[in-house]
Amino acid sequence: MKIILTKDYQDMSRKAANIISAQVILKPDSVLGLATGATPVGIYRQLADWYRKGDLDFSCATTVNLDEYYGLSPEDEQSYHYFMEKHFFSKVNLRPEKHFLPDGTNPDGDAECARYEAQIDSLGGIDLQLLGLGHNGHIGFNEPSDAFAGSVHLVDLAGRTIEANKRFFPSAAAVPRQAYTMGVRTILRAKKILLAVSGEDKAQALYQTVKGAICPKVPASVLQLHPDVVVVADEAAAHKLAGGSF
Ligand code: GLP
């Protein structure tokens, strides 16, 4: 893993955006795997800014998102469809028919998982996957478990995840209890992975991800097995690490 240490959230966002930007410049028809949560908001803001200034062109790119809440429609303000539209899709020139997310409104879990996995396969896989990190070490919505889940699956959200994500909902009770998410194998098949991490509250999870045993109790630790992972972390998140390459 390559670790890039940054000063603060803004610095982290710019450096991570630089890596995505380089990917799109080098390969305009890239398939970008995208993430939600508070962490990538600054990255999307920076990319949109460079697009406005004429430095970036997303017209040939395709995007696939990691996850979506079960039961939420794209019009729902708490859905990841809505989040992506608000923070990124509406701000750049990605073509609407070329961004993909799991369909939270599909009640048939098996059918939706198979459909979304096939969708990603049909695009030829992911060139660069952006990830955030959950407090419990989750990536996408791959929660701590006894085994790594391979492909796209419907997951029961952990209590800690519901607690962490209630800030986006009127109350904890309003947070959906399930979500569709890319599995660990889906994520590891990406050619390059960019893990963005900010804040002291992520320091322990980041330490376990980078330095801990590879174990499904800390799903992000599986990233140690991927040959091309870049972690961009701010000082607060990275203070338990020594720095440099791991
Ligand atoms: C959610 C998302 C993850 C994200 C995580 C951390 O659970 N499914 O993809 O990485 O939250 O979010 P935040 O960046 O807000 O801490």
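Predicted model: local features only at pLDDT ≥ 70, side-chain atom pairs only at ≥ 80, totals over all residues.

Colleague: Is Gly134 buried or exposed?
Modeller: Buried. The cut-off is under 20% relative accessible area, and Gly134 has 7%, so it counts as buried.

Colleague: What is it in contact with, leaving aside neighbours within four places in sequence?
Modeller: With those neighbours set aside, Gly134 is in contact with Lys202 and Ala205.

Colleague: And how far apart are Gly134 and Trp50?
Modeller: In space, 28 Å from C-alpha to C-alpha. Along the sequence, Gly134 and Trp50 are 84 residues apart.

Colleague: OK, switching to Leu128. Which strand is that in?
Modeller: Leu128 belongs to strand E6. Its relative accessible area is 2%, so Leu128 is buried.

Colleague: Which residues is Leu128 in contact with, again leaving aside neighbours within four places?
Modeller: There's a list: Ile19, Ile20, Gln23, Val31, Leu32, Gly33, Lys192, Ile193 and Leu194.

Colleague: How about Leu128 and Val41, how far apart are they?
Modeller: They're 87 residues apart in sequence, and their C-alpha atoms are 17 Å apart in space.

Colleague: Next up, Thr62. Where does it lie, and is it buried or exposed?
Modeller: Thr62 lies in strand E3, which covers residues 62-65. With a relative accessible area of 7%, Thr62 is buried.

Colleague: What does Thr62 contact, leaving aside the residues within four places of it?
Modeller: Ser30, Val31, Leu32, Lys98, Phe100 and Leu123 are in contact with Thr62. Val31 and Leu32 are also among the contacts of Leu128.

Colleague: Changing topic: how many aromatic pairs are there?
Modeller: The count comes to 8. Take Tyr69 and Tyr80: that pair is tilted, with 4.8 Å centre to centre and 45° between the planes.

Colleague: Which elements does that pair link?
Modeller: Tyr69 is in strand E4 (residues 67-69) and Tyr80 is in helix H3 (residues 80-87), so to speak two distant parts of the chain, 11 residues apart. Both Tyr69 and Tyr80 are buried.

Colleague: What about Tyr80 and Phe141, why is that pair stacked?
Modeller: Planes under 30 degrees apart count as stacked. The ring planes of Tyr80 and Phe141 are at 15°, with centres 6.0 Å apart, so the pair is stacked.

Colleague: And where is Phe141?
Modeller: Phe141 is in the loop between strand E6 (128-131) and strand E7 (153-156), 61 residues apart from Tyr80 in helix H3. Gly134 is in that loop between E6 and E7 too. Phe141 counts as buried at 2% relative accessibility, while Tyr80 counts as buried at 9%.

Colleague: Which residues form an aromatic cluster?
Modeller: Tyr44, Phe58, Phe88 and Phe89 form one.

Colleague: Now zoom out for me. How many helices and strands are in the chain?
Modeller: The chain has 8 helices and 10 strands. Its radius of gyration is 17 Å, close to the 18 Å given by the globule rule for 246 residues, so the chain is as compact as a globular protein of that length.

Colleague: And how much of the chain counts as buried?
Modeller: Of its 246 residues, 54% do. Also, among contacts with a separation of 6 or more, 80% come from residues 24 or more positions apart.

Technical notes. Residues numbered from 1 in each chain as written. Heavy atoms only, no water. Helix = DSSP H or I, 4+ residues; strand = E, 2+ residues; numbered from the N terminus. Rg over C-alpha atoms; globule rule 2.2 N^0.38 Å. Buried < 20%, exposed > 50% of the residue type's maximum accessible area, 1.4 Å probe, protein only. Contact = heavy atoms within 4.5 Å. Phe/Tyr/Trp six-rings, centres within 6.5 Å; stacked < 30°, edge-to-face > 60°.
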